Structure formats: structure tokens, C-alpha cells
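User: I have a model open and want to learn how to read it. Can you take me through it feature by feature?

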Amino acid sequence: MDHDNILETNGLNHWFGAGEVRKQALFDINLTLKRGSFTVLMGPSGSGKTTVLTLVGCLRAVQEGSVTLLDRQLNGATEAELVALRRRLGFIFQAHNLHESLTATQNVMMGLQVHRGVSDAKAQTAARHALDLVGLSDRVSYLPANLSGGQKQRVAVARALVGNPALVLADEPTAALDKDSAAEVVDLLKRMGAERGTTTLLVTHDNRILDRADCILTLEDGRIVRVDDRH
Ligand code: ADP
Ligand code: MG
């Protein structure tokens with residue numbers, strides 16, 4: 001694989017169910033993400049967007065075709081290798097999934113729990129820094145209940161970025177946000193791309209985000225039907 005590429009899939013097919021209800025969800029998905037790029041995956045509900053993210057995020061086993069992530073082939077990788085790869089990813093979901101009983105800082109520290117051997121003091125410093133990046137340095141001790149929707153989503157972004165991931169996988173992260181908060185989240189991810197080489201693959205229906213994408217992939221019924229490369 002080209003070393004400028006963080007991710008490549010080739011001929012990726014996926015099925016759900018067994019026997020009579022077995023149904024193909026993905027057909028021949030071929031995609032390439034260049035280091036530092038910001039790619040948007042679009043498509044109607046049920047078109048397969050989340051399935052793609054979970055496959056390339058090592059959250060689901062590859063059935064057919066190949067996925068190469070960070071120069072590692074996922075097919076045939078051991079569980080230990082998959083765990084090591086997952087540590088280099090940052091996940092952001094539509095629902096922010098914050099722990100209601102933990103402060104913003106503690107929630108962001110959870111993003112480092114998967115990194116063995118990080119002391120609490122170091123994790124806290126890193127969490128504060130990540131919250132600073134997302135503009136929440138004055139909210140570090142707040143509980144989620146006392147944050148707005150946009151602020152909670154920014155905590156989730158900080159949690160995804162705190163481990164300095166090579167690839168951020170975001171599933172409709174701006175769906176619950178107003179226009180300004182959505183733009184802030186996207187701008188932040190783009191800045192991470194420019195400053196740290198972080199690559200982003202983001203699922204959205206949100207037209208406001210498309211202007212900022214380097215590449216837009218459109219899924220329909222499990223197939224990539226359009227590739228709009230802006231370079
Ligand atoms: P999207 O994220 O674009 O809305 P999904 O990737 O969630 O789409 O789903 C793609 C297709 O696969 C849909 O037809 C959906 O019903 C089906 N599907 C997704 N997850 C499962 C599952 N765990 N079991 C059975 N079918 C599933
Ligand atoms: Mg989905």
C-alpha cells in the first residue's frame with residue numbers, strides 16, 4: 001500500500017444475518033484515505049455508512065475483501081493486533097456517550113484508558129490540553145448535565161483526540177448540533193489534519209460540512225455510487 005495512505009479497502013463486502021434473512025449490506029467498497037485528509041461519507045439511512053465505519057475501525061470482523069489500516073491488513077490480524085490498532089483511532093458518535101457522573105476532564109481521560117501505562121497525572125494534563133483545544137478550558141470540571149449539546153459534543157471530540165489518533169472515525173457527530181457548533185467541530189478536525197496529520201472519515205447528512213471536505217463519497221444501498229474528489 002502507498003505509505004501516504006492511512007486506510008485502503010479493496011472489494012469489501014459485508015452481510016448481516018444468516019440463512020433466509022442473510023442480506024448483503026456492503027458491495028465492493030473500495031476507498032482510500034490519504035494521511036491528513038478529511039473525507040465525508042454520505043448516503044441515506046440504511047445505506048451502510050455505519051457498517052463501513054465499524055469495519056475499518058476494527059469494531060467488526062471483515063468478512064470478504066481487504067482492509068489495510070495503518071499498514072496493517074485487518075483480515076487475519078490477531079485480537080492483540082486489533083486492540084493495538086484501535087488505540088490509534090479516535091471514535092466520535094452521534095450521541096456523545098459521555099458518562100453523566102464524570103466531569104468533562106474525567107470523560108476525556110476515558111479516551112486514554114485504552115493506553116496502558118499512562119499515569120493519572122499525565123492523563124489529566126492531556127485531557128485538559130484536549131479540552132483547551134476544543135475551547136472548553138473554562139468547563140473542565142463541569143458535569144455533562146451542566147453543558148450545552150454543543151459543549152458535550154466538543155467534550156466527545158476532545159475524548160477522541162486526546163490519544164493523538166492517526167485516524168478519527170466520526171458517525172454523524174454534528175447531527176445534534178446547531179450550525180455554529182457543527183462548524184466548530186469540523187474546523188477543529190480539519191485543523192488537527194493540518195497540524196498533526198490526523199486523518200478524518202466522517203459520516204454526515206449535513207450539507208454544511210460538505211464544503212469543507214477533501215473528498216465526498218456517496219453510498220446508496222451498500223454501494224459507493226459517487227466519488228467527489230476535491231483535489
Ligand atoms: P447507515 O449507517 O447508512 O444508516 P447501516 O450501516 O447501519 O446504515 O446499515 C446498513 C444495512 O445493514 C441496513 O439495511 C441495516 O438494516 C443493516 N444492518 C446494520 N446493522 C445490522 C445488524 N447488526 N444486523 C442486521 N442488519 C443490520
Ligand atoms: Mg448509521
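**Reading the domains and their contacts**

Analyst: We start with one residue: R154 is buried, with a relative accessible area of 17%. Keep in mind that this is a predicted model.

User: Which residue does R154 meet in a salt bridge?

Analyst: First the general idea. Side chains of opposite charge can pair when their charged atoms come close. Here the side chain of R154 meets that of E184, at 3.5 Å from N to O.

User: Where in the chain do E184 and R154 sit?

Analyst: E184 is in helix α6 and R154 is in helix α5, residues 149-161. They are 30 residues apart, so the pair links distant parts of the chain.

User: How is the chain divided into domains?

Analyst: Look at the residue ranges. Domain 1 takes 1-88 and 168-231. Domain 2 takes 93-164. The C-alpha centres of the two domains lie 23 Å apart. Each domain puts 15 residues into the contact.

User: How do I read the area buried between domain 1 and domain 2?

Analyst: Look at the total, then at the atoms behind it. The total is about 1,500 Å². Carbon and sulfur atoms give 60% of that area. Then look at individual residues on one side. R87, L188 and R196 supply 38% of the area that domain 1 buries against domain 2, more than any other three residues.

User: How many salt bridges and polar contacts are there between domain 1 and domain 2?

Analyst: The salt bridge count between the domains is one. Two residue pairs are in polar contact across the interface, both at pLDDT 80 or more.

User: Which elements supply the side of domain 1 that touches domain 2?

Analyst: β7 (167-171) and α6 (179-196) each supply at least two residues. Helix α6 gives the most, with eight residues. By residue class, that side of domain 1 has eight nonpolar, one polar and six charged residues.

User: How many salt bridges does the structure hold?

Analyst: The structure holds eight. One of them pairs R72 with E81, and their closest N and O atoms are 2.8 Å apart. R72 is partly exposed, at 37% relative accessible area. E81 is partly exposed too, at 29%.

User: Which residue does R230 meet in a salt bridge?

Analyst: The side chain of R230 meets that of D228, at 3.2 Å from N to O. Check accessibility again. R230 is at 38% and counts as partly exposed. D228 is at 32% and is also partly exposed.

User: What lies 2.8 Å from a polar atom of the N107 side chain?

Analyst: The backbone nitrogen of H99 does.

User: Which residues is N107 in contact with, leaving aside its neighbours within four places in sequence?

Analyst: N107 is in contact with L98, H99, L102, P144, V155 and R159.

How values were computed:
Residues numbered from 1 in each chain as written. Chains lettered and ligands numbered in written order. Predicted model: local features only at pLDDT ≥ 70, side-chain atom pairs only at ≥ 80, totals over all residues. Heavy atoms only, no water. Domains from an automatic or database assignment. Contact = heavy atoms within 4.5 Å. Buried area = accessible area lost by both parts, 1.4 Å probe. Salt bridge = Lys/Arg side-chain N within 4 Å of Asp/Glu carboxyl O. Polar contact = N/O pair within 3.5 Å; in protein donor to acceptor, adjacent residues only side chain to side chain. Helix = DSSP H or I, 4+ residues; strand = E, 2+ residues; numbered from the N terminus. Nonpolar A, V, L, I, M, F, W, Y, C, P; charged D, E, K, R; others polar. Buried < 20%, exposed > 50% of the residue type's maximum accessible area, 1.4 Å probe, protein only.
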